[in-house]
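Please walk through this protein one step at a time. Keep the sequence and the 3D view side by side.

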Amino acid sequence: MAKGMGQRPKVDLDSSVEDVTLSILEWLGEQGVGAMIRVDAERMRDGQPAWTFAASGGPLDGGMRSDGASVAECMGRALLRLREAGLAVPF
């Protein structure tokens, strides 16, 4: 199966990543990466993963996006993808 096609990375939902989300965004900005996290009320109402993390620029080749049903799930997936892209996020 192609990378990113149908396979969801396993994330640690007990890691309290939501507590350091703003620090992660600030650190990414310092690395030249533009990043954001948002919640989509329509997707939440429809029972879909409502949280989205998006990042681009700096050392990232192209942009990246991660979605999740909670902040922890969304940011856990985002951290996995950032690390796979070679960014050693210190959180």
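The paragraphs below go from the overall layout to the sheet, the helices, the core and a few single residues.

This is a predicted model, in which local features need pLDDT of at least 70, side-chain atom pairs count only at pLDDT 80 or more, and totals for chains, interfaces and linings use all residues. Residues are numbered from 1 along each chain as its sequence is written, and side-chain values use heavy atoms, with hydrogens and water left out.

Start with confidence. pLDDT is the predictor's confidence in each residue, from 0 to 100. Its mean over the protein is 87, and 84% of the residues reach 70 or more. Residues 1–9 stay under 50. For that stretch the model has seven contacts beyond four places in sequence. A contact means heavy atoms within 4.5 Å.

Now the layout. The protein has three helices and three strands. Both are DSSP runs numbered from the N terminus: helices are H or I with at least four residues, strands are E with at least two. From the N terminus on, the order is α-β-α-β-β-α. Contacts also reach along the chain. Among those between residues at least 6 apart in sequence, 41% join residues at least 24 apart.

How are the three strands arranged? They form an open sheet in the order 1-2-3, with antiparallel pairing. Strands 1 and 3 stand at the edges, each with a single partner strand, so one side of each is left without a neighbour in the sheet. The twist averages 10° from one strand to the next. Two strands count as paired if DSSP finds at least two bridges between them. Six bridges join strand 1 to strand 2. Across this pairing, Ala35 stands opposite Ala55, and Arg38 stands opposite Thr52. Five bridges join strand 2 to strand 3. Here Ala54 has Arg65 as its bridge partner. Strands of a sheet pair through backbone hydrogen bonds, either parallel or antiparallel.

Helix 1 lies across strand 1 and strand 2, running at about 150° to strand 1. Helix 3 lies across strand 1, strand 2 and strand 3, at about 150° to strand 3. Axes are lines fitted to C-alpha atoms, for helices over the stretch in contact, and angles run from 0 to 180 degrees between N-to-C directions.

Which parts are hidden? Buried means under 20% relative accessible area, exposed over 50%, and partly exposed in between, with a 1.4 Å probe and protein chains only. Of the 91 residues of the protein, 32% count as buried. The buried residues of helix 3 include Ala72, Cys74, Met75, Ala78 and Leu82. The buried residues of this helix pack against helix 1, strand 1, strand 2 and strand 3. Arg77 also lies in helix 3. Arg77 counts as buried because its relative accessible area is 11%.

The core comes next. A nonpolar core is a set of buried Ala, Val, Leu, Ile, Met, Phe, Trp, Tyr and Cys residues joined through side-chain atoms within 4.5 Å. The largest one has 18 residues, and those with the most contacts inside it are Leu28, Phe53, Leu82 and Leu87. Helix 1, strand 2 and helix 3 each give two or more residues to this core. Helix 3 brings the largest share, six residues. Leaving aside neighbours within four places in sequence, Leu87 is in contact with Trp27, Leu28, Val33, Pro59, Leu60 and Leu82.

Ser66 is in strand 3. At 4% relative accessibility, Ser66 counts as buried. Beyond four places in sequence, Ser66 touches residues including Phe53, Cys74, Arg77 and Ala78. Ala54 is in strand 2. Its relative accessibility is 25%, so Ala54 counts as partly exposed. Beyond four places in sequence, Ala54 touches Gly34, Ala35, Met36, Met64 and Arg65. Ala54 and Ala78 are 24 residues apart in sequence and 8.2 Å apart in space, C-alpha to C-alpha.
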